[in-house]
Structures are given as structure tokens and as C-alpha cells.
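Subject: The model, plus what turned up in it

Hi,

Here is the structure I promised to pass on. Have a look at it first, and then read my notes below.

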Amino acid sequence: MKVLCAVLILLTFLTGCVQKEIVDDVNLETGAAYDYIGGKIRGTALVPIYLSNKSVSNKTFSASSNLSRDFIRDVQRQSSDPLVAGSLKVVLFGERLANEKGILDLIDSFQRDPSIGARLYLAVTEGDSKSVINGNYGERGNAIYLSHLIRHNMQSKDVPKTDLQRFLFDFNQKGKTPYLPRLKKWGKEDIEISGLSFFRYGHVIDTIPAEKMFYFKLLVDKYSQGTLKVNLGKDAAAIESIRSNYKMRLSSRKPYKVTVNINVKAILNEYSGLRITPQKIKKIEENLENNIESECVRLTKRFQAKNLDPVGFGHFIKSKTRHFDFNKWEANYKDLQVNVHANVTITESGVID
């Protein structure tokens, strides 16, 4: 009984020490954008303003500083209510910042802030990120739209899963290169994921276009849904509901050889030819297998040439090799032989044109 009373008293004192924040009395920062302008980091905070007609207006505050965290202090002077980051959903990094200055200092500040969740979505923008976050995307606010855009394309399209937690894991993991989706703004209300950017020490080293993301995701992630168009001479087939998994096998250590087996199950949703037959389905499967194998090998060679390892071959080989020496891995990685074997099964066919 005495212990219970002591615990209740302690909780009472601790509760009194917590700073209370009423939602109506604060500005909730739901999105942020960072750019490198004139030798300084310009930060832009996005705050949703909920209107009486149930629509959302996008209010932004911007400030520039030599230190990444100083902009929060500076934009507080522009805000009528305290600005808090507990509802932050998406952070954008401008192209010049990601290429020249790097994003590690900002990433470090996010992981040290206990109010920011590990599932925070991150992305690189083509051009300045402020122009992207200042758009007008949907009725629920820009942060909700952008975070849903990224999440949707990770769950059911070609973008491999990544967020603040995964980026930090890949960065801190030897033998693994982190990556982020890349956003491109077409107009005031139009935006798309235009590719995938790969980082070394916080700087973008390479970017692949959107049409290559399908093959990269096969190497690093599982598909639960997906779509792909396959050309067969004059005819074309639309493959949907793609499900995939991959498995790596270390087939040799001198020299290092890795075999990646990719299994794909899909539904033939549409075919432009006159009639679909078992022979044509087999041809589509073989065509897709050849495309996957050649494109995936081409990607791995591209990464090797740039000393990037987003697939995580170094981490995988280390887990399979005693006394693995990362000091020698950079030279070994360039000579790594990667074989990709794809097995495609079309489980059913659908509409015929």
C-alpha cells in the first residue's frame, strides 16, 4: 500500500512537469522543406489552416540560417501561436541542398527530436523544395497529400519502402546505401514521383528515372501489388496485381559471386492481340523474365561503377562470411559478379482487346 501511494505521488509530480499544449493554441507543423540558397539553409514550415467550409489552407513560414535547427527559432517570430513539430508527416530536400550541402545534419536533428516519429516520409525534389511544398494539392492539405502520394506508391506501386527510420538504418549499416524518392512539380496542382535518388554520406550521387524503379524494387523489396506493360512486337500486354519476392545466394567467395532469384506472380489484365493462348502467355512470361534479368544486372553494374550499394550486397556477404573485412570490400565490390534469375508465372488472364 505504501509503495502504491508513493507511485501515485510521483506520477502527480511528473504530470505537473509536462508542458501542456492545446491544439487550438498551437500551429502544428505537418510538412517541412529545406533548400540551400546563398550559402545558407532555408527552411520552410508548412502549417494547415482549417477553414469553416472544411477545406484546408496551406500556410508556410520560411527563414534562412547557417545552422539547420535555427530556422525553427526564427520562424517562431512569424507565427501567431507556438510552432510545434509533433505532427510532421513529410520533409522535402531541395535538389541543390541534397547534391552540394548534404542532408545529414538535418537528418541528425530529426532523429534527436523526440516529438518526430521514425515513420516520417522523406523525399528529394527537382529544383527548390519550397516551390513544391507551396503548391495546392487536394483539399486535406499539402502534407497529407504528399505523404499519401509517397505511401501509396510504396505500398502498391514501384517505390521501395523507405522513411526516416529506414534511411538511418541503411546509412548506419555498412554495406548498404540509403535512397529516397524524388518528386517533380508539373504545375500548381500537379506533382509526381519522377525517380529514386541514392546517397553517399548525405549527398545524392546518382538518380534513376521512374521507369527503372520497378526493376530496382524487385531487388530490394517485395511487391504486393504492381503494374507493368510488356511489348510483344505489334501487340502489348498489361500485367497487374504483381506479387514478388527475392532471395540472394552467395555462390562464390573467390571471386565474390551473388545470385539473386526473383519470383514474380502476376495477372494478365489486358492483351491487345486477337486471342490469348497458352503459347502467348508463355511468351509473355519469357519476355518479362528476360527484361527483369537484363535490367536488374544493368542496374547493379551502374551501382558498382558509382560505388553505391543500395541492394545491400556488402551487408549480405558480410553476414555469410567469417572475418569479413570491409576495408577490402570497396575493391572487391567493383569486381563482384551478380547473376539474376527471374521466374515469372502468370496465374490468370483477363480482358482481350
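First, how pockets are defined here: on a 1 Å grid over the protein atoms alone, a pocket is an open set of points where a 1.4 Å probe fits, with protein on both sides within 12 Å along at least five of seven lines, and its lining residues have an atom within 4 Å of a point. Grid points are joined across faces, edges and corners, and a volume is the space filled by probe spheres set on the points.

Bear in mind that this is a predicted model: local features need pLDDT of at least 70 and side-chain atom pairs count only at pLDDT 80 or more, while totals for chains, interfaces and linings use all residues. Residues are numbered from 1 along each chain as its sequence is written, and side-chain values use heavy atoms, with hydrogens and water left out.

Two or more lining residues come from each of α7, β12 (235-253) and α10 (313-320), where helices (H or I, at least four residues) and strands (E, at least two) are DSSP runs numbered from the N terminus. The largest share, three residues, belongs to α7. By class, this lining has nine nonpolar, three polar and five charged residues; Ala, Val, Leu, Ile, Met, Phe, Trp, Tyr, Cys and Pro count as nonpolar, Asp, Glu, Lys and Arg as charged, and the others, Gly among them, as polar.

The largest pocket has a volume of about 560 Å³. Of its 19 lining residues, Lys174, Gly175, Lys176, Arg200 and Tyr201 are the closest to the centre. Here the elements giving two or more residues are α7 (164-172), β9 (190-200) and α11 (329-334). The lining splits into eight nonpolar, five polar and six charged residues.

**Overall fold and cores**

The protein chain has eleven helices and 14 strands. Of its 353 residues, 47% are buried (under 20% relative accessible area with a 1.4 Å probe, protein chains only; exposed is over 50%, partly exposed in between). Among contacts (heavy atoms within 4.5 Å) with a separation of 6 or more, 65% link residues 24 or more positions apart.

The largest nonpolar core holds 70 residues, and Phe216, Ile292 and Phe313 touch the most other members. Such a core is a set of buried Ala, Val, Leu, Ile, Met, Phe, Trp, Tyr and Cys residues joined through side-chain atoms within 4.5 Å. Leaving aside residues up to four places away in sequence, Ile292 touches Phe214, Tyr215, Leu218, Ile262, Val264, Ala342 and Val344. A second, separate core has 23 residues, including Tyr36, Val91, Leu106 and Ile107.

Phe110 sits in helix α4 (residues 104-112) and is buried, at 2% relative accessible area. Beyond four places in sequence, Phe110 touches Tyr34, Val91, Phe93, Ile116 and Leu164. Phe110 and Leu164 are 54 residues apart along the chain, and their C-alpha atoms are separated by 8.3 Å.

**Strands**

Two strands count as paired if DSSP finds at least two bridges between them. β7 (residues 121-125) and β8 (residues 179-187) pair in the parallel sense over two bridges, with Val124 partnered by Arg182 in β8. β8 and β9 are antiparallel over eight bridges, and a hairpin joins them through two residues. Tyr179 stands opposite Phe198 in β9.

β11 and β12 are antiparallel too, over six bridges, and Leu228 has Ile239 as its bridge partner in β12.

Most residues other than glycine have a negative phi, and most peptide bonds are trans. Tyr201, in the loop between β9 and β10 (203-209), has a positive phi of about 50°; at 62% relative accessibility Tyr201 counts as exposed. His323, in the loop between α10 and α11, has a positive phi near 55°, and is exposed at 80%. Finally, a cis peptide bond joins Lys254 and Pro255, with omega about -5°; Pro255 lies in the loop between β12 and β13 (256-271).

Cheers
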